[in-house]
Amino acid sequence: MNLELQAQVSAFVLRTAVLVDGDELETWLDCFHENSSYMVVPRENLEAGYGIGLMRCDSKAQLQDRVAVLRHASKFNPHWDRHILSGTAITSAPQDGVVSTSTAFMVVQTQLNGTSSLFCSGSYEDEIEVGAEPRLRKRLVVLDTFTVSNCLATPL
């Protein structure tokens, strides 16, 4: 095992979660390669081979549009997210500078009234371009349940 690579991808995945938790979505976008994809899919759909996701962006430009809508047009329940991550497992050896990883997560959501609850759990199935500045080529967010208990507006 390449410990330097393991540390790099683990720190990178953690950073992506910290940016979402801190509502630094514009900086979070910098974690994506120009030719990247982002999809949130229930495990049930993934295992059945359905390409239907709760959120699907096939390019970084679509992700940028989604963040712009969140900032300027969309009205949704204000809340704070808190990610709890497992360690990140490298699931494939680097190939053309890209590694596949898997990281389990839980997101606790706190409403403005102070109520906190488990929002969702699942795993990030990532393809990360490694190098001086790692970038996500693909983030597949696999949810353990078919639905989330509230509106899924912000990225996970």
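Which residues does D126 touch, not counting residues up to four places away in sequence? In this predicted model, D126 touches V13, V99, S100, T101, L136, K138, R139 and L140, where a contact means heavy atoms within 4.5 Å. Before returning to that residue, the report describes the protein as a whole.

Residues are numbered from 1 along each chain as its sequence is written, and side-chain values use heavy atoms, with hydrogens and water left out. Because this is a predicted model, local features need pLDDT of at least 70 and side-chain atom pairs count only at pLDDT 80 or more, while totals for chains, interfaces and linings use all residues.

**The whole protein**

The protein holds four helices and six strands, which are DSSP runs numbered from the N terminus, a helix being H or I with at least four residues and a strand being E with at least two. Read from the N terminus on, the elements follow the order α-α-β-α-β-α-β-β-β-β. The radius of gyration is 15 Å, close to the 15 Å that the globule rule gives for 156 residues, so the protein is as compact as a globular protein of that length; this radius is taken over C-alpha atoms, and the globule rule is 2.2 Å times the number of residues to the power 0.38. Along the principal axes, the C-alpha atoms fill a box of roughly 45 × 30 × 30 Å.

Of the 156 residues, 40% are buried, and here buried means under 20% relative accessible area, exposed means over 50%, and partly exposed lies in between (1.4 Å probe, protein chains only). Among contacts between residues at least 6 apart in sequence, 58% join residues at least 24 apart. The protein exposes about 8,200 Å², and carbon and sulfur atoms supply 53% of that area, as found by the Shrake-Rupley method with a 1.4 Å probe.

L112, by comparison, is placed in the loop between strand 4 (98-111) and strand 5. The table gives the relative accessibility of these residues.

| Residue | Relative accessibility | Class |
|---|---|---|
| D126 | 1% | buried |
| S123 | 10% | buried |
| S117 | 36% | partly exposed |
| L112 | 62% | exposed |

D126, which counts as buried because its relative accessibility is 1%, has a side chain that makes a polar contact with the side chain of R139 (2.8 Å). A polar contact is a pair of N or O atoms within 3.5 Å; within protein, one must be able to donate a hydrogen and the other to accept it, and residues adjacent in sequence count only if both atoms are side-chain atoms. The side chain of S123 also makes a polar contact, at 2.7 Å, with the side chain of E125. Residues up to four places away in sequence being left out, S123 touches S102, T103, A104, F105, L140, V141 and V142.

S117 is in contact with V107, V108 and Q109 once its neighbours within four places in sequence are set aside. For L112, contacts beyond its neighbours within four places in sequence are made with P78 and W80. L112 and H79 are 33 residues apart in sequence, yet their C-alpha atoms lie 6.0 Å apart in space.
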